[in-house]
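Subject: Handover of a protein–DNA model

Dear colleague,

Please find below the structure that I am passing on to you. My notes on what was found in it follow directly after.

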2 protein chains.
Amino acid sequence: MISVSKENHLKAIFHLQQEKGLVTTNELAAALQTRPASVTDMLKKLKDQKLLIYERYKGFKLSGEGKKAAVQVIRKHRLWEYFLVEKLQFGWEEVHEIAEELEHISSKKLVDRLDAFLGHPETDPHGDPIPDSQGRIHSRRQVCLAELPLNREVQVTGIASQTAEMLEILQHNHIRLGTRLEIKKKFPFDESLEVKIRNRPLVTISAQVAKNVLVKDDEPLAEKR
Amino acid sequence: MISVSKENHLKAIFHLQQEKGLVTTNELAAALQTRPASVTDMLKKLKDQKLLIYERYKGFKLSGEGKKAAVQVIRKHRLWEYFLVEKLQFGWEEVHEIAEELEHISSKKLVDRLDAFLGHPETDPHGDPIPDSQGRIHSRRQVCLAELPLNREVQVTGIASQTAEMLEILQHNHIRLGTRLEIKKKFPFDESLEVKIRNRPLVTISAQVAKNVLVKDDEPLAEKR
DNA sequence: AATTAAATTTAGACAAATCTAAATTAATTT
DNA sequence: AAATTAATTTAGATTTGTCTAAATTTAATT
Ligand SMILES: [Mn+2]
Ligand SMILES: [Mn+2]
Ligand SMILES: [Mn+2]
Ligand SMILES: [Mn+2]
């Protein structure tokens, strides 16, 4: 059986190995707010269950099975977040904690029914893609605002680092998920940007903020045949 | 903290003590499908947390605190069951197991939002009352069909024992929650009943079935001033 | 009242998940 | 290459929840 703690480990490993291929013990311990020794203990158990490819001192990554399990947890997490925001009127900053619990409810049928009830949403309230029932993830061509060319209207689809301070400044500038905006001017001196938000006046944002705002071209997919 | 296992114990004790005032170790072990020795272990922990009034060999019952905690778990259980049936199209016979997990999600705000989202339902899909946010339970004047007088139209509000066999026979006779019916004839020989279901032909049901069908007078509460 | 049976608790064990402190291996610096 | 530092693992302990088997208490019978 895959316990709650194992699911949390699988999910964290999945996210960490997206960046670099292999994950290290210390990284995982930091991500899970636990101790390296505890991680090592868990790694052995996951390896025994063939969910993890792991040799001591060598780093590790999920097996095919492990990846499948992790994606199902992520699917549940994001669907529940969507439910909390869209149906129960929660703010997007308060749903993560609750979804951290809900993601461990085991019924597969429940998840699929929830998915249908919500109308098969593509992304969670933070703009992250929701894996489908078979574990496929529609990866999105997301770029960070800092890398966007001038005068190209896009939609905000994600926030990379969600600290309270970060959210505060976004709120202040009327930037949130779904906001449509384009870059009007870039200042090489400090790499700050002047941004036009649809239906709003111009605002200036710093390079630090721009790096954390993820956007996607707004083009409707079906239109292009 | 109140763990999942503790919550399950509190809830089971609450239900058992409704009938008789005091609960016994064996009873609780049977209800939870565990061993008497395990129950004793847990009783000590619950007593230490002042959730339980307990003296060894003497039986036990919930303290005020314990009752409060149990009712909150029951509230969550029944709200989630309602959600599963009304929003996710589950059958009433398949929701209990899933709610057994969902009832342990801790966020109080989540429960209250869910309650509002569902329109503050009064009873769960099995006809059992849903405690309100403050833990108040609107107790219902439920009687079993076997005790109902002739020619009094009532509404089915609960099924006492929900085995698959039981549900099959009810399904066959078109009796379900909310069904309006009245007793037309009682046969003393075997205590079977002839029942008229609103908008349907007469059916005959056995004493065994009648004992497990719970009904409530249909009178609208507000009308009586 | 003595005996037997049933219910309950205690004693001791085990698995899961975590921790601290110490040992080991790997990586980095001199 | 040797020494130092950092990362990782092992050893041993702890907590929680559960179990079996044995002991104890209470209840029921003879
Ligand atoms: Mn979690
Ligand atoms: Mn999210
Ligand atoms: Mn439960
Ligand atoms: Mn119910």
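Which element gives the most to the surface near DNA strand D? That element is α3(B), with five residues. Helices are DSSP runs of H or I with at least four residues, strands are runs of E with at least two, and both are numbered from the N terminus.

Before the details, a word on conventions. This is a predicted model, in which local features need pLDDT of at least 70 and side-chain atom pairs count only at pLDDT 80 or more, while totals for chains, interfaces and linings use all residues. Residues are numbered from 1 along each chain as its sequence is written, chains are lettered from A and ligands numbered from 1 in the order in which they are written, and side-chain values use heavy atoms, with hydrogens and water left out.

DNA strand D

A residue is near a strand if one of its heavy atoms lies within 4 Å of it. DNA strand D is surrounded by 22 residues, and the closest are Tyr54(A), Ser3(B), Ser5(B), Thr34(B) and Ser38(B).

The distance is 2.8 Å for Ser5(B), 2.6 Å for Thr34(B) and 2.5 Å for Ser38(B).

Both protein chains take part in this surface: α2 (25-32) and α3 (36-48) of chain A, and α1 and α3 (36-48) of chain B, each supply at least two residues. By class, the surface near DNA strand D has seven nonpolar, nine polar and six charged residues. Here Ala, Val, Leu, Ile, Met, Phe, Trp, Tyr, Cys and Pro count as nonpolar, Asp, Glu, Lys and Arg as charged, and the others, Gly among them, as polar.

DNA strand C

Around DNA strand C there are 22 residues, of which Ser3(A), Ser5(A), Thr34(A), Ser38(A) and Tyr54(B) come nearest. Sugar and phosphate make up 70% of the atoms of DNA strand C that come within 4 Å of the protein.

A phosphate oxygen of DNA strand C lies 2.5 Å from a side-chain N or O atom of Tyr54(B); the corresponding distance is 2.9 Å for Thr25(B) and 3.3 Å for Arg35(A). Two or more residues of the surface near DNA strand C come from each of α1 (4-19) and α3 of chain A and α2 (25-32) and α3 of chain B. The element that gives the most is α3(A), with five residues.

Donors are N, O and S atoms within 2.8 Å of the metal (3.2 Å for Na, K and Ca); water is not among the atoms, so sites may look incomplete. In chain B, the manganese ion (ligand 3) is coordinated at 2.0 to 2.5 Å by Asn8(B) (OD1), Glu100(B) (O), Glu100(B) (OE), Glu103(B) (OE) and His104(B) (NE2). Asn8(B) belongs to helix α1 (residues 4-19) and Glu100(B) to helix α5 (residues 95-102) of chain B, so this pair ties together parts that are 92 residues apart in sequence. The donor residues follow the spacing N-x91-E-x2-E-H.

The manganese ion (ligand 1) is coordinated by Asn8(A) (OD1), Glu100(A) (O), Glu100(A) (OE), Glu103(A) (OE) and His104(A) (NE2), at 2.0 to 2.5 Å.

As for accessibility, buried means under 20% relative accessible area, exposed over 50%, and partly exposed in between (1.4 Å probe, protein chains only). Glu103(A) is buried at 0%, and His104(A) is buried at 12%. Glu100(B) counts as partly exposed at 23%.

Relation of the chains

Chain B can be laid on chain A with an RMSD of 0.2 Å by a turn of 179° and a shift of 0.0 Å along the axis, which is the relation of a two-fold axis. The superposition is by least squares on the C-alpha atoms of residues with pLDDT of at least 70 in both copies. Among the residues of chain B, Leu102(B) comes closest to the rotation axis, at 3.9 Å (C-alpha).

With kind regards

Terms used: Polar contact = N/O pair within 3.5 Å; in protein donor to acceptor, adjacent residues only side chain to side chain.
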